[in-house]
There are 2 protein chains.
Amino acid sequence: MTDVKSSIKTAKSKSRTLTSLDTDAKNRALESMAQALEANKEKILRANAEDLRIAEEEGLSNVMLKRLKVTEDKIDVMVAGIRDVISLKDPVGETMSAMDLDDGLTLYQISCPIGMIGVIFESRPDVVPQIMSLCLKSGNGVVFKGGKEATNSNRALFDILTEAVDGLVPKEVFVMIETREDVNALLDLDEYIDLLIPRGSNEFVKFIQSNTRIPVLGHAAGICHVYVDSEADMDKAFKTALDSKVQYPAVCNAAETLLVHKDVAERFLPIIAKGYIDNDVEIRCDPESMRIIGGKEASDEDWDTEYNDYIISVKVVDSLADAVDFINSHGSHHTDMIVTENRKAAMVFANAVDSADVFINASTRFADGFRFGKGAEVGISTNKIHSRGPVGMEGLMIYKYVLIGDGHVVKDYVGKDAKQFKHTNVDSKLEMF
Amino acid sequence: MTDVKSSIKTAKSKSRTLTSLDTDAKNRALESMAQALEANKEKILRANAEDLRIAEEEGLSNVMLKRLKVTEDKIDVMVAGIRDVISLKDPVGETMSAMDLDDGLTLYQISCPIGMIGVIFESRPDVVPQIMSLCLKSGNGVVFKGGKEATNSNRALFDILTEAVDGLVPKEVFVMIETREDVNALLDLDEYIDLLIPRGSNEFVKFIQSNTRIPVLGHAAGICHVYVDSEADMDKAFKTALDSKVQYPAVCNAAETLLVHKDVAERFLPIIAKGYIDNDVEIRCDPESMRIIGGKEASDEDWDTEYNDYIISVKVVDSLADAVDFINSHGSHHTDMIVTENRKAAMVFANAVDSADVFINASTRFADGFRFGKGAEVGISTNKIHSRGPVGMEGLMIYKYVLIGDGHVVKDYVGKDAKQFKHTNVDSKLEMF
C-alpha cells in the first residue's frame, strides 16, 4: 500500500515535466515502444500463454479467454496503434484563445495534460500499449491496474514498454499495480490521480463510480434505441434497425429497444420482425406490437435492460414526443436514433433526446471513436461534463490560463479613476518554449 | 424529502425542453426578470430586513451581515447583471465541429446545456438572479439551496423571478429548497442533477465535495504564490507582490506566500517588507528570510495555510525549479505568478506549475471572471476536468454528437470489400431548428 502510494506520488510529480517535452522527443519514445514490441513478440506470447494456461485451469469463459489471448497479429495491431499515435497532432501547448485584457496584459488559454490518469481494466492486455501511447503523447502520467487473469501479459507488456522509453522520457510516470488491495488504495488517491478510466463490464464500471471521489470517464450501460417515425422511409428503417441490432450485439452501441410510431406499425413491424427472426433475434413485444406480430410479451424489466445479445424489445408509441420521453426515461444517454424523412421531426429528436449521440437515419453502431475519425479511442463517455460520446486524446486534455503582464496590478483597475479593461480577442499564439 | 425529489425530477424532465427555446424567447424571459426586480424593490428589501433582524439577534458576524444585506444599489447591480446576460451570445446549438464520415454521412458536434445544475450557497442573495439568468440563457434547469440566514431574501427573489418568467419559459425548471434535510436529499440525487456549484467557505465546499457523487465545480482553497525570480525587475516585483497581498486579502486569488530567489533576496526582501509593514501585513519568515529582514518565524503549517487576511509567509528558494516544486507541493493549484524578465524562466514556470492560472508579471488578483472578460462568473474551478480557472457560461455547457445519414449501416464498413471512411473535416453548420 505505502509502496503504491509513494510510486504514484512520484509519478504525479514527474508527470508535470512531460508538459515541457517537445513533440519529437515524445515521438521518438513512441517509436521506441513500437520497435520494442516488435522485438519482443516471443516474450509477450510466452507470458500470455502462461495467463491462458491458468485461465483455462480456472475455467474462464470462452469470451474472456478470447479477449485475453494475444497473438502475433494482435501485437502487430498494437504496434500499428502506437504508430497511429505518433501521427496524431501534439495536443499540448496549443493556444485555444487569446485576449488582450489591456495594453501589455494578454491572457492565453493553453491546452495542457490533465496530469495523472488511472486506468482500471479487465482481460484485454492491448489496453496497456494503447493507453500508454495516448498518455505519453498527451503528456499524462498513467497508473494501470489490469485484471488478475492477465497479470503475466500485462506485466510483460508494461516492462517492455517502460524499458523502451527509459532515457527518452521519465519512465517513473508509468506505474502498474497488481493486487486487489492496490485498487482500493488507488481509488482513495484523489490527491494524485486526476481522472479514472475504467474499462470492463457494467458492474465493474458502476463499482468504480460508486467507490471513488476521483472523476470517472466512462459509461455503465448502453441501452440504445431505434425510433421509426411516422414519416420514416421503410427501407432505411429496415436496414438501420437491423444493423443496429445484429451487426455486433455484444457491445454498448448496439440497439436494445425498437420504438415504432403507431401510424407505420402495421406496415413496418411485420417486415422488421422477419428480418430479426432471419437473424435469430428474439423479439419481446409490448401489447400493441404483439397484436400485430405476435410472439413473446416484454416484462417491465425489459425496457431497462441491456441485453448485449440477440434479443430486442419492441414497442409502439403514439407520437414523436412519446418516443423522446420513453428514451429519456429508459435509455442510458448513450446513443439513440430516429428514422425519418421529416427534417423538423429529426431536429426535435436531436434537440430533445438527452444522449451523447443522437443519430438520424444512421445505425447506432456508428458510435465509436474510430468511425468518428478520432483515431485511438480513450473510451465512450455518458458523463455530462468534460467529454461526451466517443472520446479520443482530447479527453486527456484540459487547459490553463497564462496571463502575461508587465507589472500590472489590480489596484489600478478599481475605484475612482479606474483603468478600463479592453477585453479584445486577439489572434496571437503563445510559444510555450 | 419526497417533495424535493419529485420537484427536481420534474425540473430535470422539463429542462430538456429548454434546448429548443430560441434566443428571443430566452431574452424576453430575462428582460421580464430584470423588470420584475425593478418593480419589486420594496418587497425584496422588506424580506431582507427580516433576515437581517434575525441575523443580528443571532449574532452573525459583521462580514456575514455585510454579505447578507441587500440595498437598492445592489438590486440595480442584479438588474444590470441580468441585462449583461441578455447581451451574451446564445451558447446553445452551436456547431463546434463537423466531419463527413462518408458521402451523405455527416457528424456534427453540437453545444448543448449540461442539464440540471445544483447551486448551494451561503449568505449572498444576489447569487439567485445571477445564476438563474446564466442557467436560463444556457438552457439549464437549476435547483437553489441558500443559507438559512438568507431564507426570506432568497425566497422573495426566487418567487419574483420565477413569476416573471412564467408563460415565457417553463418555470418548473427552477427549484428552491430550504431545509438542511433537503440538502442531504439533493446530494444524493445524482440521477437528476448533473453538476453542483457550491459557493461559500472552504469547509463548506469540502463538505459538499466529500458527500456527493455529483461532479462539483469549484475550489476549496486559494493558496496562491508570488515567486520573485533572480532576473525579476525589482519595481514590478514590488508592485505585483504588494497588490497580490493587500489589494483585497479576503479572497481566494490573494497571495498567501512569497518566494524569493536567493540571488535577489538581500535586495528585494527589505523593500517588500517595508511595503507589507506599511500596509499592516504580518510577515512570517523562513530562517533565511528571517536572517535578512528579521521578524516572526513561520511554522510548518504556515506554508499550507490560506490566511485570507493581512498575513504573508515568506521563503527564500535556491532556484526556479525549487520554487516550482514548492508551489506544486504547497499550493492549491489556483493562481501562481512569477516575476521575471527572462522569457525562458517565465515559460518553464508556466509549463511546470500545475495551476489553473499561471501569471507572469501580473498580480494574482487578476484571476477573476470579470477581469478575464467572461462577463458573468459561474465560479472559479481548480478541477482538472471540464472547466478550470474562472468559469463563465461556457462551464454550463457540454456537447452532443448528431450524426445525419441516409440509411447508412455499419455492416457496409466491415469485412471484405468494406467501404472506407472519408473523415473529412467540413465547414457546414447544423441548424438545430
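## Close-up views of a predicted two-chain model

View 1. The structure shown here, as in every view below, is a predicted model. B:Phe174 belongs to strand 5 of chain B, which covers residues 174-177. Once neighbours within four places in sequence are set aside, the residues in contact with B:Phe174 are B:Met132, B:Leu136, B:Val142, B:Phe158, B:Thr162, B:Val165 and B:Val169. B:Gly331, by contrast, stands 157 residues away along the chain, and its C-alpha atom is separated from that of B:Phe174 by 37 Å.

**View 2. The rotation axis that relates chain A to chain B.** Chain A can be superposed on chain B, with an RMSD of 0.1 Å, by a rotation of 180 degrees that has 0.0 Å of shift along its axis. The two copies are therefore related as by a two-fold rotation axis. The same surface serves both copies, since 100% of the contact residues of chain A recur in chain B. Among the residues of chain A, the one that comes closest to this axis is A:His386, whose C-alpha lies at 1.9 Å.

**View 3. Aromatic pairs between the chains and within chain B.** Over all chains, a search of the whole structure finds 22 aromatic pairs. One of them is formed by A:Phe421 and B:Phe366, an edge-to-face pair with 6.3 Å from centre to centre and 85 degrees between the planes. This pair joins two chains, because A:Phe421 lies in the loop between strand 16 (397-408) and strand 17 (424-425) of chain A, while B:Phe366 lies in the loop between strand 13 (357-362) and strand 14 (379-381) of chain B. Both A:Phe421 and B:Phe366 are buried. B:Tyr227 and B:Phe349 form a stacked pair, with 6.4 Å from centre to centre and 15 degrees between the planes. Since B:Tyr227 lies in strand 7 (residues 224-228) and B:Phe349 in helix 14 (residues 343-352) of chain B, the pair ties together parts that are 122 residues apart in sequence. B:Tyr227 is buried, with a relative accessible area of 0%, and B:Phe349 is likewise buried, at 0%.

**View 4. An aromatic cluster, and a lysine over a tryptophan ring.** A:Phe359, A:Phe372, B:Tyr399 and B:Tyr401 form one aromatic cluster, with members from chain A and chain B. In chain A, the charged end of A:Lys315 sits over the ring of A:Trp303, 5.9 Å from the ring centre. In chain B, the charged end of B:Lys315 sits over the ring of B:Trp303, at 5.9 Å from its centre.

How values were computed. Residues are numbered from 1 along each chain as its sequence is written. Chains are lettered from A and ligands numbered from 1 in the order in which they are written. This is a predicted model: local features need pLDDT of at least 70, side-chain atom pairs count only at pLDDT 80 or more; totals for chains, interfaces and linings use all residues. Side-chain values use heavy atoms; hydrogens and water are left out. Copies are superposed by least squares on the C-alpha atoms of residues with pLDDT of at least 70 in both. Contact means heavy atoms within 4.5 Å. Rings of Phe, Tyr and Trp (its six-membered ring) pair if their centres lie within 6.5 Å; planes under 30 degrees apart count as stacked, over 60 as edge-to-face and the rest as tilted. Helices (H or I, at least four residues) and strands (E, at least two) are DSSP runs, numbered from the N terminus. Buried means under 20% relative accessible area, exposed over 50%, partly exposed in between (1.4 Å probe, protein chains only). A charge sits over a ring if NZ of Lys or CZ of Arg is within 6 Å of the ring centre and within 35 degrees of the ring normal.
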